[in-house]
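Biologist: Please walk me through this model, one feature at a time.

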Amino acid sequence: MKQAALKPNERELIKLIRFFSKRAARLMEEGELSAEHSQLTAACENLETKLLDHATNRTAIMDKRERLLNVIEDNAQCPKCNKADMLKRTGSTTNEHGWKCNTYKCRRCNTGFTWNRPNNPWDMVEFLEMYIGQLQLAMAAERNPEVIAHTEDAVEQMRDSLNRLRPVLATSDEEVDALQQKEKEMDRLIHQFKNYLQIEKIKLNVYPEEDSESEEV
């Protein structure tokens, strides 16, 4: 798993939290730790744990999302020379169906093109559903039993893929939706607590030169 990345507001708050932790440690050494400072220190420690846990969870969810986004392999071929060995991906675009597709340039024949398959599993679901419908229409007009049997097998395989893919995508969508809601809640909490700690820091009348900088986060 990737190392949990902190957002700027999270990093800023943790620096403040660690400043107060160092302050509390010094007061304890001096035997001057008040009940108010003790409560503030406990709240700071709890919030730092919550922030780090949230960052770890966010990283895990987005890492899984990224892997899903990259699960589709294009197997693209140049429409002019029908080769794939000298293709260079140049970006992506949205086609007439609203699907995101990769764009390529063939360095063999200097041809640029858009591959006619979605580059992500969410759009691939819609593509497979449409393709299955086209195959079913073709089967209705087909008279060759072997072709019909082959097409039925292909349709069954695509349906099986869809049945496995849909719940995975649905779970990912639910996780991301829940994460976005949690992000709003955490941003609000961070804003409120940071303002509170800044006020508390001013009350202490401590100047930057009197304390070393907080630990790097």
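**Reading the features**

Modeller: Start at a helix end. Asparagine 120 caps the N-terminal end of helix 3, with a side-chain oxygen 3.2 Å from the backbone nitrogen of tryptophan 122. A polar contact is a pair of N or O atoms within 3.5 Å; within protein, one must be able to donate a hydrogen and the other to accept it, and residues adjacent in sequence count only if both atoms are side-chain atoms. Helices are DSSP runs (H or I, at least four residues), numbered from the N terminus. This is a predicted model: local features need pLDDT of at least 70, side-chain atom pairs count only at pLDDT 80 or more, and totals for chains, interfaces and linings use all residues. Residues are numbered from 1 along each chain as its sequence is written, and side-chain values use heavy atoms, without hydrogens and water.

Biologist: What span should helix 3 have?

Modeller: The expected span is 1.5 Å times one less than the number of residues. Helix 3 (residues 121–141) has 21 residues, so it should span 30 Å; its end C-alpha atoms are 30 Å apart, which agrees.

Biologist: Which residues of helix 3 are buried?

Modeller: Buried means under 20% relative accessible area, exposed over 50%, partly exposed in between (1.4 Å probe, protein chains only). In helix 3 the buried residues include Trp122, Phe127, Leu128, Ile132 and Leu135.

Biologist: How many aromatic pairs are there?

Modeller: Rings of Phe, Tyr and Trp (its six-membered ring) pair if their centres lie within 6.5 Å; planes under 30 degrees apart count as stacked, over 60 as edge-to-face and the rest as tilted. The count is 5 aromatic pairs. Tyrosine 104 and phenylalanine 113 have ring centres 5.8 Å apart and planes at 25°, so the pair is stacked. Both tyrosine 104 and phenylalanine 113 are buried. Phenylalanine 193 and tyrosine 196 have ring centres 5.9 Å apart and planes at 55°, so that pair is tilted. Ring pairs also link Trp99, Phe127 and Tyr131 into a cluster.

Terms used
Helices (H or I, at least four residues) and strands (E, at least two) are DSSP runs, numbered from the N terminus.
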